[in-house]
Amino acid sequence: MASSDKPDLKVATILLAAGLSSRMGARNKLLINIGGEPLVRRMAATYLAAKTNLTVVIGHEAAQVREALAGLPLTFVENPHFAKGQPTSIGAGLDSLKGDYDAVLIALADQAALGPGDIRDLLDAFAASERNHILIPTFRGQRGNPVLFPFKLIVQTNADGHSNARRFTDANPQLVERYQAANDHFTTDIDTPDDLIAFTRRGAS
């Protein structure tokens, strides 16, 4: 799909929804109700509204996550090795991509503050650039997510279903540009009960 009113820009989002959610305790954070819907559905809808081709990588409580996303136009990829960590989920998502893309967003499924406009702004920044650098959103010096990779770079990080995307980024600073975000949406996530309380207090819309 084209993104952000840029008909020549083809973007895939890999939404990481396979993790154990251990820091939230007994609850799977992705299934918590935020603004009237499960958190994972809220995030999927955000990336779909930004007009990206969405792949959701599932693992922990896969059936429940599938149910929470029922009816949305997306592709599921099940990662049987999800307990080994995020690199296996990124790898599974990359292995599933069909065709060529200009860019790939590696996205977290717990960033409830993000809206479609935030994602479109990030994609517009990439579209206006030479399209050959990794874009990392930052706010007041803090690194955020999603990270946007040119397709030709992200595929270099993947081998045997395991992606070393973070290591690749850290090892190649010359390939990285910082996207200065206008707000804290890219740096806000919900990992713990305290995070959930703080997000609720700021107002979920």
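On a 1 Å grid over the protein atoms alone, a cavity is a set of points where a 1.4 Å probe fits but cannot get out, whereas a pocket is an open set with protein on both sides within 12 Å along at least five of seven lines; lining residues have an atom within 4 Å of a point. This is a predicted model, in which local features need pLDDT of at least 70 and side-chain atom pairs count only at pLDDT 80 or more, while totals for chains, interfaces and linings use all residues. Residues are numbered from 1 along each chain as its sequence is written, and side-chain values use heavy atoms, with hydrogens and water left out.

**Figure 1. The largest cavity and its lining.** The count comes to one cavity of 30 Å³ or more. The space in the largest cavity is about 30 Å³, where grid points are joined across faces, edges and corners and a volume is the space filled by probe spheres set on the points. Its lining consists of Phe126, Ser129, Glu130, Arg131, Asn132, His133, Leu135 and Glu177. Two of these residues are nonpolar, three polar and three charged; here Ala, Val, Leu, Ile, Met, Phe, Trp, Tyr, Cys and Pro count as nonpolar, Asp, Glu, Lys and Arg as charged, and the others, Gly among them, as polar.

**Figure 2. The largest pocket.** This pocket holds about 470 Å³ of space. Its lining has 21 residues, and Gly19, Leu20, Ser21, Lys29 and Gln86 are the closest to its centre. Strand β2 and helix α3 (86–96) each supply at least two lining residues; helices (H or I, at least four residues) and strands (E, at least two) are DSSP runs, numbered from the N terminus. By type, the lining comprises nine nonpolar, seven polar and five charged residues.

**Figure 3. The second largest pocket.** The volume here is about 400 Å³. Among the 22 lining residues, Gln86, Leu108, Arg143, Asn145 and Arg166 lie nearest the centre. Two or more lining residues come from each of α3, β7, β10 (147–150) and α6 (165–171). Helix α6 provides the largest share, four residues. The lining divides into nine nonpolar, nine polar and four charged residues.

**Figure 4. Helix α3 and its covered residues.** Eight of the eleven residues of α3 are buried, that is, under 20% relative accessible area, with exposed meaning over 50% and partly exposed in between (1.4 Å probe, protein chains only). The buried residues are Thr88, Ser89, Ile90, Gly91, Ala92, Gly93, Leu94 and Ser96.

**Figure 5. The largest nonpolar core and Tyr47.** A nonpolar core is a set of buried Ala, Val, Leu, Ile, Met, Phe, Trp, Tyr and Cys residues joined through side-chain atoms within 4.5 Å. The largest has 43 residues, and Leu15 and Tyr47 have the most contacts inside it. Elements giving two or more residues to this core include β2 (6–17), α1 (39–49) and β5 (53–58). Helix α1 gives the most, with six residues. Leaving aside residues up to four places away in sequence, Tyr47 touches Thr13, Leu15, Thr52, Leu54, Leu105, Ala107, Leu114, Ile119 and Pro146; contact means heavy atoms within 4.5 Å.

**Figure 6. Val56 in strand β5.** Val56 is buried, with a relative accessible area of 0%. Residues up to four places away in sequence aside, Val56 touches Leu15, Ala17, Leu69, Leu74, Thr75, Phe76 and Val77. The C-alpha atoms of Val56 and Ala92 are separated by 10.0 Å, and the two residues are 36 residues apart along the chain.
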